[in-house]
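Please examine the structure shown below.

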Protein chains: 8
Amino acid sequence: MIGIIMGSQSDLIVMAEAGRVLEELGVGFEITVVSAHRTPERMFEYAQKAVEKGFRAIIAGAGGAAHLPGMVASLTTLPVIGVPIKSSNSIDGWDSVLSILQMPAGVPVATVALNGAKNAGILAAQIVGAFDETVAQKLKKFKEELKTKVLESVTDIEQNGWKPKKIGF
Amino acid sequence: MIGIIMGSQSDLIVMAEAGRVLEELGVGFEITVVSAHRTPERMFEYAQKAVEKGFRAIIAGAGGAAHLPGMVASLTTLPVIGVPIKSSNSIDGWDSVLSILQMPAGVPVATVALNGAKNAGILAAQIVGAFDETVAQKLKKFKEELKTKVLESVTDIEQNGWKPKKIGF
Amino acid sequence: MIGIIMGSQSDLIVMAEAGRVLEELGVGFEITVVSAHRTPERMFEYAQKAVEKGFRAIIAGAGGAAHLPGMVASLTTLPVIGVPIKSSNSIDGWDSVLSILQMPAGVPVATVALNGAKNAGILAAQIVGAFDETVAQKLKKFKEELKTKVLESVTDIEQNGWKPKKIGF
Amino acid sequence: MIGIIMGSQSDLIVMAEAGRVLEELGVGFEITVVSAHRTPERMFEYAQKAVEKGFRAIIAGAGGAAHLPGMVASLTTLPVIGVPIKSSNSIDGWDSVLSILQMPAGVPVATVALNGAKNAGILAAQIVGAFDETVAQKLKKFKEELKTKVLESVTDIEQNGWKPKKIGF
Amino acid sequence: MIGIIMGSQSDLIVMAEAGRVLEELGVGFEITVVSAHRTPERMFEYAQKAVEKGFRAIIAGAGGAAHLPGMVASLTTLPVIGVPIKSSNSIDGWDSVLSILQMPAGVPVATVALNGAKNAGILAAQIVGAFDETVAQKLKKFKEELKTKVLESVTDIEQNGWKPKKIGF
Amino acid sequence: MIGIIMGSQSDLIVMAEAGRVLEELGVGFEITVVSAHRTPERMFEYAQKAVEKGFRAIIAGAGGAAHLPGMVASLTTLPVIGVPIKSSNSIDGWDSVLSILQMPAGVPVATVALNGAKNAGILAAQIVGAFDETVAQKLKKFKEELKTKVLESVTDIEQNGWKPKKIGF
Amino acid sequence: MIGIIMGSQSDLIVMAEAGRVLEELGVGFEITVVSAHRTPERMFEYAQKAVEKGFRAIIAGAGGAAHLPGMVASLTTLPVIGVPIKSSNSIDGWDSVLSILQMPAGVPVATVALNGAKNAGILAAQIVGAFDETVAQKLKKFKEELKTKVLESVTDIEQNGWKPKKIGF
Amino acid sequence: MIGIIMGSQSDLIVMAEAGRVLEELGVGFEITVVSAHRTPERMFEYAQKAVEKGFRAIIAGAGGAAHLPGMVASLTTLPVIGVPIKSSNSIDGWDSVLSILQMPAGVPVATVALNGAKNAGILAAQIVGAFDETVAQKLKKFKEELKTKVLESVTDIEQNGWKPKKIGF
């Protein structure tokens with residue numbers, strides 16, 4: 001079981017990708033909103049109950065001065081995966097990236113790419129898959145499909161040429 | 001009364017400047033270490049008791065993914081002044097600046113310059129001075145002294161010339 | 001009473017947020033345009049009369065090479081809150097952020113996030129609220145409402161699911 | 001069992017921290033040098049044998065255009081933890097941070113702070129600890145010790161004052 | 001013969017420019033998709049067969065944590081030209097620029113400007129042209145045409161004036 | 001007489017502002033296209049004839065790796081004003097800003113803000129105005145008009161209120 | 001006559017270069033300290049008297065949130081040359097560069113490179129030299145000497161070889 | 001034959017690496033100083049004679065606003081390899097990187113890493129090696145030696161352990 005949280009409901013458009021890929025990989029999860037700055041007590045309780053709820057990892061997405069992933073990490077021994085979100089008044093995403101990534105020694109956050117919620121989901125599945133053969137197999141298959149898609153585009157270019165068609169752009 | 005906190009005792013070399021200038025301006029204060037990531041419960045308690053302890057503002061310094069100022073701001077209605085500290089593995093200070101400055105709408109942190117603990121102290125005194133004539137007068141005198149020091153350097157250059165002496169560099 | 005100024009009337013679309021939140025929090029204010037670069041004398045006069053007009057703090061918004069907040073701070077002992085504005089030819093907002101934030105020792109500006117006029121208003125109210133119980137109570141209520149809005153989105157997701165609906169995107 | 005690799009023996013001064021903390025937390029590991037650019041075949045073999053060697057996670061450190069963590073991640077379904085290293089001709093560390101963090105959808109790398117090898121070790125232990133109660137307990141104790149150290153500095157300041165002594169700086 | 005590869009078919013809209021200019025300069029080429037992260041074995045094989053296929057240079061375009069150019073360079077002695085692509089979740093292109101440019105000593109990538117596929121094609125032709133007089137002549141003519149186009153705009157301004165017409169903006 | 005040049009006719013949409021303000025300030029000028037990279041000989045000739053053509057300053061605008069202003073400055077003793085232009089594949093304008101601004105000791109370029117062609121024109125007029133009373137008077141009047149426009153917006157807000165009207169946004 | 005000012009006497013180590021090169025080029029100048037933030041009235045007076053003192057240009061150096069060049073420019077019609085200084089708590093010099101360069105339309109500052117006081121002096125001489133043949137001739141000679149120094153190093157390498165000697169590094 | 005040039009003799013400490021590796025790889029070369037800004041005519045002549053002198057490629061190193069590589073590229077059809085040099089007043093190397101890399105369409109520069117003169121030499125050899133079997137064989141051997149050095153460090157760690165010895169740091 002994976003916990004997925006985000007600082008605001010508006011982040012759902014990004015964070016839903018984590019849920020979708022976990023569904024695809026057969027890993028259970030729960031999604032909710034927990035704000036470090038607007039509901040600090042709720043964040044405390046969420047992080048402190050994470051182990052007893054059976055979570056194996058927590059995915060936390062936030063934008064701007066993004067404190068949610070790091071604060072949750074300070075309150076649990078579970079691995080916390082941080083998703084920097086490029087929100088509207090963000091300075092090109094640098095603020096969320098740096099305030100999630102640059103955690104002090106002792107309290108890591110496993111940071112993924114800007115808006116990388118899909119990768120956060122895959123990473124959570126990889127953590128489970130390191131101990132669960134069924135999930136490991138699904139990850140293998142997932143990797144195969146990535147490859148297949150590339151090979152299909154190889155064939156497409158071989159058959160239809162490399163010049164992008166005017167229409168479609 | 002002003003509360004001064006920092007994420008680690010090693011930050012004291014920067015943050016002590018805030019204490020020194022508050023002493024000079026006649027504003028009482030308390031200094032201690034409160035770590036958002038290593039002592040989150042202590043941070044909660046500190047922030048929630050700040051009003052009843054009679055604080056008028058809190059100065060919080062932190063480096064890297066600096067969550068202390070913003071988290072304290074989420075837990076009190078007092079003005080919180082954030083001091084970004086350029087710590088050893090910081091990415092040139094950008095991480096602490098952005099993770100303190102870029103707070104979401106609803107929870108401000110009054111951010112000062114990188115390593116700007118002295119200015120944090122002055123700002124806290126200005127907040128008090130907006131309601132306390134004695135402190136306001138001390139701030140006026142402080143501003144006069146800034147000016148005097150510039151005028152002394154003007155005289156120094158007039159008398160000793162503008163070419164920097166070899167010795168001293 | 002809070003003074004709200006900005007470098008150009010076109011900044012009003014950002015800075016009006018400061019006025020709106022001060023209205024909501026029951027703190028009086030005045031809004032006008034004062035340009036550091038186009039009306040330097042007016043800026044001098046504004047800053048020097050701020051105390052006698054009964055202001056407790058000044059909120060100053062500016063973009064690009066944003067000198068208004070820092071120059072006003074050099075001319076008054078009141079706390080000055082700076083709002084970096086991302087104007088049209090700004091280099092991603094870095095210019096306004098750095099030219100407001102990085103004030104030299106002796107002359108602080110309380111800087112908020114890029115385009116963070118709402119937070120500037122809240123911070124000004126917090127300064128007043130540190131000495132005025134009525135405003136402090138309104139700030140408490142404001143914080144409660146932030147929490148309520150998060151909890152409503154929690155319920156919304158519980159009832160309607162986490163998958164963003166196609167429509168609305 | 002955790003695999004720890006780095007692009008060059010000179011990275012050992014940073015990466016040894018990962019080994020030290022895994023020792024402290026009672027998690028087995030292996031350390032070696034694997035270069036993406038100088039020994040690509042060795043990297044392929046290392047990554048492809050990681051599961052059968054019983055690794056639960058791989059920690060990979062690299063500097064500059066740091067391709068090792070991402071390439072290993074492309075070749076295994078295990079979680080890969082990336083440590084950006086600030087090497088000599090690095091552009092302030094930005095190159096290693098971005099070339100590890102910004103992985104495309106499908107192939108995540110769990111990135112930690114610049115030079116954050118200690119946190120990489122803790123994160124690997126957290127992954128193991130999510131499934132192994134003994135390690136989980138050690139992580140709890142580790143967190144307690146972080147807290148204790150902060151509280152000791154609190155006492156130190158209470159007893160010896162906040163003014164940094166001249167000697168020692 | 002030049003090999004042109006890219007990490008994803010969606011990069012074709014940028015990379016096709018390399019093909020177009022090589023056509024114009026009379027240099028043969030092959031275009032296909034090779035993904036470092038999704039088809040690492042294919043990338044290995046592609047790079048290792050490049051010499052025997054008669055390639056004189058390889059142009060590789062990729063975005064985000066762009067490992068394709070550097071990894072191909074690690075697997076061949078041919079010159080590799082890297083094209084940083086500004087992909088959708090890129091942090092303003094910095095990620096692809098730095099992860100292609102900042103290669104460690106021993107394994108160069110000839111990096112061109114962000115989205116600079118056309119220049120990558122010209123550079124590949126210049127490599128061929130350094131040994132092939134026909135191509136060198138075509139490059140000379142190409143340079144003449146660049147000049148002619150500038151001189152035409154000089155004439156246009158002389159005849160039609162420098163004030164941009166309202167229509168067209 | 002001021003020479004205004006730019007690297008490409010497409011820069012005219014930005015650079016025309018320099019011409020417009022020089023017209024307004026009564027300073028003569030010539031506008032043409034000179035490309036450092038496509039017409040290097042033309043650039044040489046242009047720069048070397050600038051003094052004998054009676055130019056008092058040269059305004060040069062360019063984007064990306066913007067070498068035009070600096071190269072012209074290397075070929076004349078006249079003051080050269082550089083306008084960094086944010087072109088389409090620019091990395092947020094940083095490339096043009098830095099390649100114009102950071103000239104080595106001995107060869108200055110007077111750099112203005114990104115896309116700041118209007119200011120380049122004013123600066124050129126200020127150079128003339130330092131020696132020509134008529135232009136100096138026009139610059140004074142220009143400064144007065146800047147002030148008047150601010151004062152009109154002050155009146156507008158006093159009369160129509162500070163709340164931006166819904167329409168117009 | 002050129003006015004040279006700087007925000008603090010500690011900037012003299014950088015700014016003295018402007019004086020030295022103006023001496024060499026035979027252009028008169030005055031050097032003093034004027035602080036925008038600590039002596040705003042002095043700055044006003046300095047700028048407003050610049051024309052009547054016979055200045056042809058003002059060189060202003062400042063670090064951090066560097067407001068001196070821009071504010072002086074707002075108060076005079078003379079050309080103002082800004083020198084960004086990399087001061088101790090500067091964020092790598094970006095703060096001073098951007099707060100001098102990015103002036104709003106209407107009020108230009110002729111910005112030179114970080115710590116580029118020598119170039120500021122040359123630029124001031126070029127402004128004078130555009131109207132004064134004696135100075136123009138000295139600038140020509142100065143340019144010749146730059147060339148001579150390069151040609152001497154060409155000869156040095158031809159005679160002594162290109163391998164840097166161990167001693168001297 | 002490869003031409004190696006740099007903007008200043010002080011760059012030789014970086015650029016000599018290009019010469020050393022070309023010696024090792026058996027490719028002839030010539031090293032001299034050519035300054036774009038101080039000896040523009042010499043630069044013109046150098047670039048225009050490059051083909052007739054039998055050069056196959058030109059390596060050009062420069063710092064700050066680095067125009068040498070791009071200007072040489074504008075004057076020859078040979079491949080030009082640019083080496084950004086981190087000079088003393090550089091803004092962390094960004095200025096030289098961007099002013100070499102971001103060349104406009106039509107005039108490519110093959111840019112290598114900051115201070116990457118060794119890689120510039122290897123790249124030049126790769127260009128020659130694409131047409132010259134002897135050099136290609138030397139490049140293969142060079143690649144083998146890179147691998148050998150990594151494998152030696154693998155053995156070193158296996159035999160002497162991974163804990164860095166106190167002495168040596």
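Q: How many cavities of 30 Å³ or more does the structure hold?
A: The model is predicted, so local features need pLDDT of at least 70 and side-chain atom pairs pLDDT 80 or more, while totals for chains, interfaces and linings use all residues. Residues are numbered from 1 along each chain as its sequence is written, chains are lettered from A in the order written, and side-chain values use heavy atoms, without hydrogens and water. A cavity is a set of points, on a 1 Å grid over the protein atoms alone, where a 1.4 Å probe fits but cannot get out. The number of such cavities of 30 Å³ or more is 9.

Q: How many charged residues are in the lining of the largest cavity?
A: The largest cavity holds about 350 Å³ of space. Among its 23 lining residues (an atom within 4 Å of a point), those closest to the centre are Trp94(B), Trp94(D), Trp94(F), Trp94(G) and Trp94(H). By class, the lining has 15 nonpolar residues, no polar ones, and charged residues (Asp, Glu, Lys and Arg) numbering 8.

Q: Is H4(F) roughly parallel or roughly perpendicular to H4(G)?
A: Helix H4 (residues 94-101) of chain F and helix H4 (residues 94-101) of chain G pack with axes 13 Å apart, at an angle of about 90°. Angles of 65 to 115 degrees count as roughly perpendicular. H4(F) and H4(G) are therefore roughly perpendicular.

Conventions:
Axes fitted to C-alpha atoms, helices over the stretch in contact; angles between N-to-C directions. Helix = DSSP H or I, 4+ residues; strand = E, 2+ residues; numbered from the N terminus. Parallel < 35°, antiparallel > 145°, perpendicular 65-115°, else oblique. 1 Å grid on protein atoms, 1.4 Å probe; cavity = no way out; pocket = protein on both sides within 12 Å on 5 of 7 lines; lining within 4 Å. Points joined across faces, edges and corners; volume = space filled by probe spheres on them.
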